[in-house]
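I opened this notebook to record what I looked up in one structure. The entries follow the order in which I consulted it.

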Amino acid sequence: MTDETRTHEARNAEGRTPSDFADDRSPAPESSRPDFLPADEAASFHGERPRDDGWSQLGEPPGQVRWDQGGQQGHGEQPYGDRGGQPGQSAYAGESGWGDPSGRPRQDTAVFTTPLGPPPPPSQAFGMGAGWAPPPGVPGGAAVPARRGPRTSTLVILALMIALLASTLGSVGTYLLTRPPTSGTDPSFRLGTAPSGSNARPPDSIAGVASRVLPSVVSLVVNGGSSASTGSGFLIKGGYVVTNNHVVAGAAQGGEIQIQFSNRKTTPARIVGRDPESDLAVVKPEDTFGAPQIALGNSDNVVVGDPVVAIGSPLGLSGTVTSGIVSSLNRPVQAGEENSSDTTWFSAIQTDAAINPGNSGGPLVNANGEVIGVNSAIATLGRSLGGQSGSIGLGFAIPVNHARRIAEELVTTGVAKKSRIGITIDSTYQGAGVRIETEAKGGTQPIEANGPADKAGLKPGDVILEVNGIVLQDGAELIALIRNKAPGEKVTVKFQRGGQEKTATVTVGTASPQPKPEHS
């Protein structure tokens with residue numbers, strides 16, 4: 001065993017371990033590089049420092065001599081005898097002992113202890129050539145700083161920038177949506193010319209019908225002194241104008257009538273005759289200004305669903321045209337002024353063509369432009385339901401065949417005949433059909449002697465069920481049906497007597513006017 005004493009200064013020189021030094025009495029060993037351990041692999045120890053040169057893997061050689069931290073020889077087991085080694089060498093340093101696992105010859109196999117903790121890095125370790133290891137704990141030879149997150153100040157600045165950008169974009173969007181419109185003028189803007197076309201229409205279209213009928217329709221303005229009214233009418237043969245009685249009734253006691261034609265020319269007119277019971281009247285204008293007479297049709301040929309056109313002056317608006325269809329026939333309607341003695345019943349043509357106040361007396365024409373009815377009444381919701389007085393799609397017209405007869409009689413005689421069958425209706429009867437009174441009331445017999453009903457064989461108490469196949473619902477319907485018939489016209493009556501049904505043919509006659517509508 002060598003007794004050479006080495007100091008810590010010699011061990012730390014140039015960053016070399018004690019095995020780098022050679023014995024003074026032996027040739028210098030082959031130069032070798034130190035092995036550096038990373039800092040995180042340095043083991044904590046109190047005695048012997050772990051060796052990486054292979055000795056720790058072979059175990060402790062017997063009789064190894066230890067050196068303590070003070071450089072003194074420690075006590076160990078005796079080596080395996082003297083193998084012929086030189087003085088100053090350990091017994092296991094020879095060829096037959098344990099050698100350096102690296103294979104290099106060692107001149108000094110003494111084991112030195114090192115201070116606690118990892119060895120300090122050698123000075124001038126960088127840039128000393130290829131193969132030199134980096135300092136402990138610095139892989140790759142360069143110090144890598146630890147990764148850190150963004151600073152709080154950076155996050156605050158980024159948030160402020162985002163808020164500013166959002167505010168700017170919002171302001172721009174608000175401006176674009178709410179900015180005032182520009183004038184929008186464009187000197188070069190053009191919509192082009194109107195397309196070529198014609199205002200000619202087929203004769204059977206609504207426009208074609210209106211163009212033919214409008215010149216024959218007039219507006220009436222009636223001044224009765226204490227009252228005034230407006231209405232409509234149409235020009236017939238001879239320059240006469242047919243209208244409703246309730247339109248001109250205010251001028252019957254010396255009032256004035258002004259008629260305006262479709263060309264807006266006006267002229268005075270006078271009453272030729274009027275019939276309160278049928279609500280029809282005929283007036284004569286002083287001038288017609290060349291207006292054509294209207295064509296009269298046949299109301300007996302009208303069926304439900306036929307297209308119709310109503311023309312007149314609703315609410316004083318002259319020349320107004322509305323269209324619709326025939327929605328019902330033989331509808332019993334009370335015409336004339338409300339709460340007046342001139343009220344009457346007639347069997348009307350019902351239409352959904354719009355008819356309003358001022359349409360009264362105007363024509364209801366078919367697709368051929370022929371008059372099929374005289375517009376006379378409208379249904380309303382009544383005062384209890386809001387007092388609506390305008391059109392609700394229920395208008396009523398006097399059939400033109402009835403108006404034709406009344407107009408002829410008024411022009412020829414000034415009065416119209418009253419159609420009657422000579423019976424008195426029992427208004428208290430609640431059953432099906434219409435019952436004739438069973439006994440005289442107020443001096444009036446149930447059946448007029450030698451009248452049309454008496455001649456046909458009807459008796460007091462008989463219940464009339466049908467007239468010309470039309471089932472009767474009440475007395476007003478019977479009155480309206482009979483009054484629409486001309487005197488001398490025959491009707492078929494089905495009636496019930498003593499539980500048996502019978503049939504009779506009644507010829508409509510004439511009678512003096514009766515003040516109450518229940519008399520027929």
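Predicted model: local features only at pLDDT ≥ 70, side-chain atom pairs only at ≥ 80, totals over all residues.

Entry 1. Which backbone nitrogen does a side-chain oxygen of Asp 474 reach at the start of H8? I found that the oxygen comes to within 3.3 Å of the backbone nitrogen of Ala 476.

Entry 2. I then looked at the cover of helix H8, which spans residues 475-483. I recorded that nine of its nine residues are buried, so the helix is mostly covered.

Entry 3. I turned to aromatic pairs and found one in the structure. The ring centres of Phe 261 and Phe 289 lie 5.6 Å apart, and their planes stand at 80°. I classed the pair as edge-to-face, because planes over 60 degrees apart count as such.

Entry 4. Where do the two partners lie? Phe 261 is in the loop between strands E4 (256-260) and E5 (266-275), while Phe 289 is in the loop between strands E6 (280-285) and E7 (295-296). The pair therefore ties together parts that are 28 residues apart in sequence. I also compared their cover: Phe 261 is buried, at 4% relative accessibility, whereas Phe 289 is partly exposed, at 28%.

Entry 5. I checked for a charge over a ring. Lys 284 lies over the face of Tyr 240, at 4.5 Å from the ring centre.

Entry 6. I examined Asn 366, in the loop between strand E11 (363-365) and strand E12 (370-378). Is Asn 366 buried or exposed? Its relative accessible area is 16%, and I counted Asn 366 as buried because the limit is under 20%. A polar atom of its side chain lies 3.0 Å from the backbone nitrogen of Asn 368. Leaving aside residues up to four places away in sequence, I found that Asn 366 touches Val 209, Pro 307 and Ile 372.

Entry 7. In soluble globular proteins, nonpolar side chains tend to be buried together. The largest core here has 28 residues, and Val 213, Phe 234 and Val 365 have the most contacts inside it. Among the elements that each supply at least two residues are helix H4 (206-213), strand E9 (320-335) and helix H6 (400-413). H6 gives the largest share, five residues. I also noted a second, separate core of 21 residues, including Ile 421, Ile 423, Ala 453 and Leu 458.

Notes. Residues numbered from 1 in each chain as written. Heavy atoms only, no water. Phe/Tyr/Trp six-rings, centres within 6.5 Å; stacked < 30°, edge-to-face > 60°. Helix = DSSP H or I, 4+ residues; strand = E, 2+ residues; numbered from the N terminus. Buried < 20%, exposed > 50% of the residue type's maximum accessible area, 1.4 Å probe, protein only. Lys NZ or Arg CZ within 6 Å of the ring centre and 35° of its normal. Polar contact = N/O pair within 3.5 Å; in protein donor to acceptor, adjacent residues only side chain to side chain. Contact = heavy atoms within 4.5 Å. Core = buried A, V, L, I, M, F, W, Y, C linked by side-chain atoms within 4.5 Å.
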